[in-house]
Each structure stands twice: as C-alpha cells, then as structure tokens.
Amino acid sequence: MEIEYIRHSFAHVLAAAVKKLFPKAQFGIGPVIENGFYYDFKNVKMADQDMPKIEQEMRSIASQNLAFKKELWPASKATAHFKKLKQPFKLELIKELGMKDKKSKVGMVSTGDVFLDLCRGGHVKNTKELPLDAFKLAKVAGAYWRGDEKNPMLTRIYGLAFATRKELDQHLHTLQEAEKRDHKKLGAELDLFTFSELVGPGLPLFTPKGTIVRDLLDDFVWSLRRKHGYQRVDIPHIAKKELYETSGHWDKFKNELFRITTREGHEFVVKPMNCPHHIQIFNRRKWSFRDLPQRYASTTKIYRDEQTGELSGLTRVRSITQDDAHVFCGMGQTEREIKIIWEIIDTFYSAFNLSLKLRMSLRDPKKPKQYLGDKKNWDDAETILMKIAKEKNVAYVEARGEAAFYGPKLDFMATDSLGRQWQVATIQLDLNMPKRFNLTFTNEQGGQSQIFMIHAAIMGAIERFLSILIEHYAGAFPLWLAPEQIWIVPVSDKWNGYAKSLAAKLNRFRVNIQDENETLGKKIREGEMQKIPYLLIVGEKEQQTGTVSVRKRGKGNMGQMRLEEFSRKVAEEIQKYL
RNA sequence: GCCAGCGUAGCUCAGCGGCAGAGCAAUUCUUUCGUAAAGAAUAGGCCGUCGGUUCAAAUCCGACCGCUGGCUCCA
C-alpha cells in the first residue's frame with residue numbers, strides 16, 4: 001500500500017527531526033496508524049507549541065532528497081550500534097525479535113545519513129516522493145512504552161499524512177465537523193445535561209430537556225421488550241459485599257467498586273452491575289421448565305470508580321444508566337431468546353439510521369485465568385453464539401480476548417453519520433454466573449437442569465448512547481425525540497393571545513411560546529440554533545384565517561397551513577418513527 | 001492513575017508583575033416588529049483553591065481541585 005509507505009516514511013522523517021532538535025532523545029517505535037503515523041520518544045520535553053518547529057525541521061530534512069535504504073545487519077552488530085547510542089528501547093526490540101542464533105539478521109533502515117533505525121521496512125524510495133503539503137503533526141500525548149502502565153511514559157507525537165493535499169484537507173474538515181458536533185459542547189448549548197464540581201467528576205446531571213430525551217429512548221426500548229414477554233423489576237442500588245464475592249465481581253473489580261461501611265461495620269458495595277440483583281430475584285423460588293424463560297428488565301444506574309483520567313463527557317462516566325435485561329432459560333431456549341434480542345436491537349437502531357456491525361467477543365485462550373468457569377462451558381457458549389451468527393448470515397469480526405469474564409458476547413458496533421464506529425448493544429451468554437449462584441430448574445424428567453443466562457443491553461449505557469445520538473444528529477433530534485418539538489413565535493406581542501390559544505390546541509406535542517420582547521428575526525435565529533423541528537410564525541394574517549406559518553428546521557418557510565392540518569401532519573410524522 | 005495542555009462574569013474570550021476588560025446572555029426602559037442577531041441604560045468577579053516569591057500577583061513558582069487530548073483500564 002503506497003499510502004502506508006508514505007506514512008511510515010514520515011514517521012522516520014519525524015524521528016530524524018526530533019533527533020536533530022533533541023539530541024538526547026531515545027527512540028521507541030513509529031508505526032503507521034489510521035490517517036497517519038506516530039513516533040514515541042523519551043527525553044523529549046515538548047508541547048503543542050513546539051510542533052511547527054518540528055514540522056519545519058521535517059520539511060527541511062525531507063527536501064534534501066534523502067534515500068531510504070534497508071540493510072540487513074547481524075543482530076549482534078545492531079545491538080552494539082544501539083548500545084553505543086544509548087537506545088534501550090531499540091535494544092529491547094532486538095531482543096524481542098527472538099533471534100534464534102548468532103547469524104540472525106535485523107532490518108536497519110537509513111534515511112540518507114541523518115537517521116538510522118531498526119525497522120522491518122516499507123518506505124518510499126526517497127524523501128522527495130513525500131507529499132510535503134499533505135502531512136501535519138497533529139498532537140502530542142503521553143504513552144506507556146509497549147502499552148504497559150508499568151513501563152516508562154514516553155512522549156508520543158501524532159502526525160496526519162495522506163497522498164494528496166486534498167485528502168488531508170478533507171480529513172481536517174471532518175475533524176472540524178466532529179468538533180462542531182461534540183456532544184459536550186452541544187449538550188451545554190441545547191441545555192441537555194451539566195456537571196457540577198461539587199457533585200463530582202463523571203457524574204452527569206440531566207436537565208429537564210435531557211431527561212425528556214432519556215425517557216423517550218428508554219420508553220422506546222421498553223416498548224420493544226414488552227412485546228416479547230419481558231417484565232420490569234426494580235432493585236436497590238447497593239448490596240452486601242458477599243453478593244459480589246459470589247458473583248466474582250469482587251475479585252475481578254475490587255478497585256473499581258464504590259464501597260460503603262455502615263456504622264455497624266458491615267461492608268456494602270454500590271452496584272457496579274445489575275446481574276447479581278436480577279439473579280436474586282430469579283432465585284426467590286424454584287422454577288419448572290414450564291415457567292421459563294423468565295425475562296427481567298431494569299433501566300437503572302450502576303456506579304464504577306473509573307480512574308479520573310478515563311472520564312470524558314457522557315462517553316465515559318462514573319454513574320451509568322443501563323437498559324439492562326437478563327433472561328433465565330434452559331439450554332434449548334437460548335437460541336430463540338438471543339434471536340429475539342437481536343431483532344429488538346435491529347429494530348431499535350434502524351429507527352436512528354445507525355447501521356450495525358457485529359463483533360464476536362470471545363475469550364483469549366492464552367489467558368484462562370482471566371475467565372470464570374471451565375473450558376467446556378466456554379466452548380458451549382461460544383459455539384452457540386457462532387451458530388446463531390452463521391444462521392443469521394451476518395458477517396462478523398472475531399475479537400479474541402474481548403469476552404466478559406463470565407461469558408462470550410455478541411457486541412454491536414454502530415456507524416454514525418460521520419462514519420465513526422461506536423460499541424453499543426451487547427448480548428452476552430453466561431453459563432458461569434448461574435453456576436456460581438447455583439441456578440437450576442426442574443426439567444421434564446423431574447430432574448434439575450442448569451439455567452442459562454443471557455445478559456442483554458439494547459442501548460448499553462444511556463449516557464453513552466445519548467452522546468452518540470447528539471453527535472450523529474449534530475443536535476438536531478428527529479421530531480419524536482426532540483425535547484422541544486414546536487415553538488410558537490408571535491410576530492409581535494400583540495399576537496401572544498393567539499399564540500396561547502394555539503398552544504392549548506397543540507398540547508399533545510411539546511410546545512413552547514416565544515413571547516419575549518424580541519424581534520421576529522432574533523426569535524427565529526434562536527429557534528434554528530436550538531434545532532427546534534417546527535417554528536410556527538403567527539401574526540395578523542394567521543389570526544384572521546386561523547392558520548399558522550410553518551417554518552421547518554433547516555428548510556425555511558413552508559407557507560401557511562390550517563392548524564388542524566399542521567397538527568395532523570406532525571402526528572403522522574411522529575407515528576412513522578415508532 | 002500516568003504524560004501534556006488549559007481554568008478570568010452564566011457563555012466565548014482579551015489582559016500575562018502596577019485600578020478587572022469586551023462581545024453575547026441577564027435585568028430595566030424604549031421599540032410592536034413578517035422568516036437567522038432592534039436600541040439605550042443597569043447589574044454582574046475570592047481571575048479554580050491553598051500556599052510561596054515580590055514593595056506589589058489574575059500575571060512568576062509549588063501543591064491540590066477541575067476540564068481537554070492521549071496512554072492504561074473498561075463487567
């Protein structure tokens with residue numbers, strides 16, 4: 001791939017520039033990534049302001065028409081070379097290449113005479129081939145050597161690189177568009193949620209408008225579940241430590257649990273998950289095969305003590321509202337139940353024009369200690385999920401090591417209007433929790449069989465899903481979801497009375513009257529910026545004829561219409577969605 | 001948690017050792033308006049918090065709190 005050569009070559013040029021500007025720099029790795037490249041350095045102290053300097057140096061190096069040349073060196077020679085230059089990371093890499101004997105060779109790539117790097121190759125022939133108008137250093141960040149937090153933190157410089165200037169501009173434009181749609185910004189502008197320093201980081205507070213949207217989303221999920229025999233249950237937000245010791249969460253996530261010690265010294269945990277509570281509801285009595293499946297759903301908050309550095313807007317929070325459901329069934333019912341959930345997921349996401357891709361999240365067979373239970377259970381569960389995906393004839397990517405600690409998952413990835421992918425819904429098949437909690441039912445033969453448990457979240461977390469929706473729609477929610485659907489805008493306050501009478505007639509919708517003392521133009525501008533789906537402009541003409549002038553969001557003036565007709569059309573438009 | 005950057009009015013930001021500033025928003029008054037910003041006046045500040053340097057700190061230094069972008073983590 002030509003573009004990969006370009007990006008990789010730029011990484012080397014970046015390293016060469018850093019070597020010149022920071023003689024003490026130690027070099028990590030410099031791979032190609034989506035849209036560009038990065039290179040990791042130690043002993044490089046810099047900030048965003050220093051980037052033009054480095055960029056300039058890169059241009060000056062690249063314009064010297066330096067050839068990229070790969071040679072094979074004996075590992076011992078390369079080791080000696082990097083030892084002399086005090087490059088511990090390169091030495092570690094050579095060691096890790098697993099040289100079998102002394103004759104083993106490693107690749108060394110030179111950029112003219114300015115830089116020599118351990119590298120497998122894949123460059124353009126000469127720096128003169130590099131499109132100097134199509135690259136840009138993007139940002140500086142910290143990154144652990146080899147991605148391990150026990151290792152030293154290096155300075156990572158990210159760069160963007162494309163084959164042409166046009167592609168770079170296009171990408172920069174997309175980034176700009178994404179910034180405009182940033183849910184943190186729109187959330188404040190549209191007054192959907194807020195944070196308080198007194199409440200704490202990662203704990204979003206939802207305003208009246210934001211709460212309307214949350215409730216509508218949750219109602220939608222529930223309307224789909226109810227059709228399939230789900231029952232709502234309600235649970236407390238804390239439980240004794242022992243519940244999580246039994247479930248295995250205590251061992252696995254001890255550090256991320258919010259804990260409470262009562263005045264009598266008992267230890268409680270703020271729930272980080274709902275399954276153990278749902279399990280206790282299921283376990284209140286003995287079940288027969290005739291009673292199964294039992295399907296319990298709760299939309300409820302869970303709390304996880306995420307590290308502060310991981311928190312971000314609504315995407316990653318400490319108080320998470322899950323639309324969580326658990327199905328308790330016999331082995332023979334799992335397939336049907338999973339297909340039902342899958343159908344709900346398809347219906348739900350198509351309502352938002354979000355297309356879904358499937359990820360099969362399986363265990364990493366190399367790390368059995370990370371998972372509960374025995375191999376046979378895991379093999380069974382993974383086989384069932386793969387069989388269903390095959391029957392549905394849906395392509396999927398297999399993600400080894402992405403399973404939950406209690407079972408494999410079908411994870412659904414949504415692609416938004418900017419082409420970005422987000423993990424959303426999840427279906428998890430779990431044979432391990434039922435075992436740990438000893439969940440059984442009486443089968444047709446009168447014996448006891450093990451319960452199979454399915455964890456299902458349609459939105460996943462409402463906070464996160466809302467952030468995706470805000471960015472997907474750039475804040476312009478579809479009519480059924482808009483917290484304010486209609487604004488009635490009197491031309492002047494002489495018509496406030498007429499506006500009031502209209503509002504009363506439209507009270508099945510979410511309507512507001514803009515009767516403050518402002519010019520019409522100002523109020524329309526406000527309405528457009530608040531992304532209100534319909535503005536009804538009313539003045540003398542409208543009052544005399546009993547009509548409204550309809551202005552549709554983004555479309556401008558649609559002309560006059562009888563109120564009844566408008567009302568009917570809006571009702572129809574809402575109906576289309578649900 | 002780690003690395004880097006940033007915290008000044010409700011919002012967006014200027015000021016960067018010597019009296020705390022602008023636009024928008026808010027309030028009051030004027031205006032009564034026909035499809036994306038009417039005009040005037042008023043009010044609004046522990047310059048994130050605590051400590052240090054200095055005759056003097058929003059400004060320089062340190063710690064903490066918070067935010068942003070990465071890294072690590074993510075049931």
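1. Start with how two helices cross: α1 passes α2 in a right-handed crossing, meaning the near helix is turned clockwise from the far one by less than a right angle. Helices here are DSSP runs of H or I with at least four residues, strands are E runs of at least two, and both are numbered from the N terminus. α1 covers residues 2-21 and α2 residues 51-62; they pack at about 115 degrees, axes 9 Å apart. Axes are lines fitted to C-alpha atoms, for helices over the stretch in contact, and angles run from 0 to 180 degrees between N-to-C directions. The pair is therefore roughly perpendicular (65 to 115 degrees).

2. Keep in mind that this is a predicted model: local features need pLDDT of at least 70, side-chain atom pairs count only at pLDDT 80 or more, and totals for chains, interfaces and linings use all residues. Residues are numbered from 1 along each chain as its sequence is written, while chains are lettered from A and ligands numbered from 1 in the order written.

3. Now look at RNA strand B. It is surrounded by 56 residues, the closest being Ala 141, Gly 142, Gly 309, Ser 492 and Gly 539 (near means a C-beta atom, placed from the backbone, within 6 Å). Helix α16 gives the largest share of that surface, seven residues.

4. There's also an open sheet of eight strands with mixed pairing, ordered β11-β15-β16-β23-β20-β19-β17-β18; strands pair if DSSP finds at least two bridges between them. The edges are β11 (231-232) and β18 (396-400), each pairing on one side only. β11 runs parallel to β15 (residues 294-303) over two bridges, and Gln 231 sits opposite Tyr 296 in β15.

Technical notes:
Angles under 35 degrees count as roughly parallel, over 145 as roughly antiparallel, 65 to 115 as roughly perpendicular and the rest as oblique.
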